[in-house]
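The sequence and the structure come first.

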Amino acid sequence: MEGQGLGRARYEVFGPFPFKTAKGLRHRTALRDFWQERTKDSPEGLSEAVGVYVWTIKQSGRRAPWNVGMTSKGFQLRFPNKEATFLRLLMDQPDAEIEVYLLARRSKAGKFSKTSQTRLSNWLETMLIGASIGVNPDLYNKAKSKFLKTTVVDGYL
């Protein structure tokens, strides 16, 4: 980490982390278990870091992005808001194998950032949505995707 991009915006990728779902398991309970596991095997402060996340599901034997989002208040505070999204997915795919990648923003000093750089995270989220739509046209979140789905840039998009 030393000397790599100091003074520049930097996101570090963590995961994939499995998110356990089972019939009858409440979302809040699954989240509590998820974060307890993260405190064992992840750097301190990751749950409070701001950044972007990518939820994936297993489709036809391979991982596909299912939902991309960002948080300006920390991953652990953001994920309870995803309960309705999870319930809809699990109604359609009760045996879904869910994993998540956390792209945590680092400060110039290399610590996890807890302050929002909304424009920067918006840009990264939009870029990841575009890449994800290329892999999974049925990506759950439709935010920021209109132009990504309707614009052609010859040789690129």
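## Aromatic rings

Rings of Phe, Tyr and Trp (its six-membered ring) pair if their centres lie within 6.5 Å; planes under 30 degrees apart count as stacked, over 60 as edge-to-face and the rest as tilted. This is a predicted model, in which local features need pLDDT of at least 70 and side-chain atom pairs count only at pLDDT 80 or more, while totals for chains, interfaces and linings use all residues. Residues are numbered from 1 along each chain as its sequence is written, and side-chain values use heavy atoms, with hydrogens and water left out.

Ring pairs join F17, F19, F34, W35, Y53, W55, W66, F75, F79, F86 and Y140 into a cluster. Across the whole structure, a search finds 14 aromatic pairs. One of them is the edge-to-face pair of F34 and W35, at 4.9 Å centre to centre and 80 degrees between the planes. F34 also forms a tilted pair with F79, at 6.4 Å and 50 degrees. F34 lies in helix 1 and F79 in the loop between helix 2 and helix 3, so this pair ties together parts 45 residues apart in sequence.

## Helix 1

Helices (H or I, at least four residues) and strands (E, at least two) are DSSP runs, numbered from the N terminus. Helix 1 covers residues 27-41. Its buried residues (under 20% relative accessible area; exposed is over 50%, partly exposed in between, with a 1.4 Å probe and protein chains only) are H27, A30, L31, F34, W35 and R38. Seen down the axis, they fall within an arc of 130 degrees (taken from the directions from the helix axis to the C-beta atoms), so they line one face of helix 1. The face turned away carries the exposed residues T39 and K40.

Note on methods: The expected span of a helix is 1.5 Å times one less than its number of residues.
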